[in-house]
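Visitor: I'm new to this one. Can you walk me through it?
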Amino acid sequence: KDGALEFLGRLDHQVKIRGHRIELGEIESRLREHSSVKDTVVVARNDGAGFDLVAYVIPGLGGFDEADLRAHLRARVPDYMMPRAFVKLASFPMTPNRKIDRKALPAPQRTSVVVALGAKPENNREEAIAAVWCEVLELPAVGVDTNFADLGGHSLAMVQVLGRLKERVEASVTLVDLFRHTTIRGLARFLANAGQPDAALDASASRAASRRAALAQRGRARGR
C-alpha cells in the first residue's frame, strides 16, 4: 500500500549464462532418465569466475560413473547446458518447510571438475597447450584426451586460451582451430601437421552433430 515493491526472484529455476537462457529443470529431467540417478538438482553457482552449472546427484544403489553420465547428457542437451561439475551427495539439504535448500548445497571441489584425467602430455607442444589450459581453467592438471568443454571451458575461456597460445606455441592457430580441435592431443597433432586436418576432426564432427541433434530435439519439444 505504501508503493514499495519487494523483488522475490523467479518462481521457476530459469537462469541466463553467457547469453543462453537455461531451464535447470530440463537438465534435471534428462539426468533422471539415467538409470544410476536416484535424484538430482542442478544450480547455477558463481564461485568468483562467473556463473557455471553444477549438478548435485544422489546415485542409486550401484553408484554412478561421471563420464558415463556426461556422455548420456551430452547426447540430449547442447554444450552450454552441460554442468561444469558433478557432485555426489547422500541427501540434499532441506529447509524447515522440507524443500531443497539450494543455497546450502556445497561448492564443488576443483578436482571434481577434472573428468577422465587420462594421459599426460607426451611432448613439448602438448605440455605448452596443457599449461595454458590449466592457467585459464584454474585446474592443477588436465588430460590430453579430455574435451575442453568437459573441463568447464566456454567460448570466453577459449579466447583467453588463443591469446596465450599465440605467445607460447610456434605455430599459427586461430579461434576456429580451437573450436574444431577441442582436446590437447588433437590440437597438438593439428599444429604439428602445419594446419592439416587429422583424425581428431572426426570426434569433433561427431560431437557437433550430437549437439545439433540435441538442439533440434529441444526445439521440437518446445514447439509442442
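Visitor: At what angle do helix 1 and helix 2 pack?
Guide: This is a predicted model. In it, helix 1 (residues 24-32) packs with helix 2 (residues 66-74) at an angle of about 120°. Their axes are 10 Å apart.

Visitor: Why give both an angle and a distance?
Guide: Two packed helices are described by the angle between their axes and the distance between those axes.

Visitor: Left-handed or right-handed crossing?
Guide: The crossing of helix 1 past helix 2 is right-handed.

Visitor: Which residues make the contact?
Guide: Helix 1 contributes Ile27, Arg30 and Leu31. From helix 2 come Leu69, His72 and Leu73.

Visitor: And how many of those are nonpolar, polar or charged?
Guide: Four residues of the contact are nonpolar, one is polar and one is charged.

Visitor: New topic, the strands. How many residues of strand 4 are buried?
Guide: Eight of the nine residues in strand 4 (residues 51-59) are buried, and the strand is mostly covered.

Visitor: In what sense does strand 4 pair with strand 3?
Guide: Strand 3 (residues 37-46) pairs with strand 4 in the antiparallel sense, over nine bridges. Phe51 in strand 4 has Asn46 opposite.

Visitor: What about strand 4 and strand 5, parallel or antiparallel?
Guide: Strand 5 (residues 85-88) and strand 4 pair in the parallel sense, over four bridges. Here Val54 stands opposite Ala85 of strand 5.

Notes: Residues are numbered from 1 along each chain as its sequence is written. This is a predicted model: local features need pLDDT of at least 70, side-chain atom pairs count only at pLDDT 80 or more; totals for chains, interfaces and linings use all residues. Side-chain values use heavy atoms; hydrogens and water are left out. Axes are lines fitted to C-alpha atoms, for helices over the stretch in contact, and angles run from 0 to 180 degrees between N-to-C directions. Helices (H or I, at least four residues) and strands (E, at least two) are DSSP runs, numbered from the N terminus. A crossing is left-handed if the near helix is turned anticlockwise from the far one by less than a right angle, and right-handed if clockwise. Contact means heavy atoms within 4.5 Å. Ala, Val, Leu, Ile, Met, Phe, Trp, Tyr, Cys and Pro count as nonpolar, Asp, Glu, Lys and Arg as charged, and the others, Gly among them, as polar. Buried means under 20% relative accessible area, exposed over 50%, partly exposed in between (1.4 Å probe, protein chains only). Two strands pair if DSSP finds at least two bridges between them.
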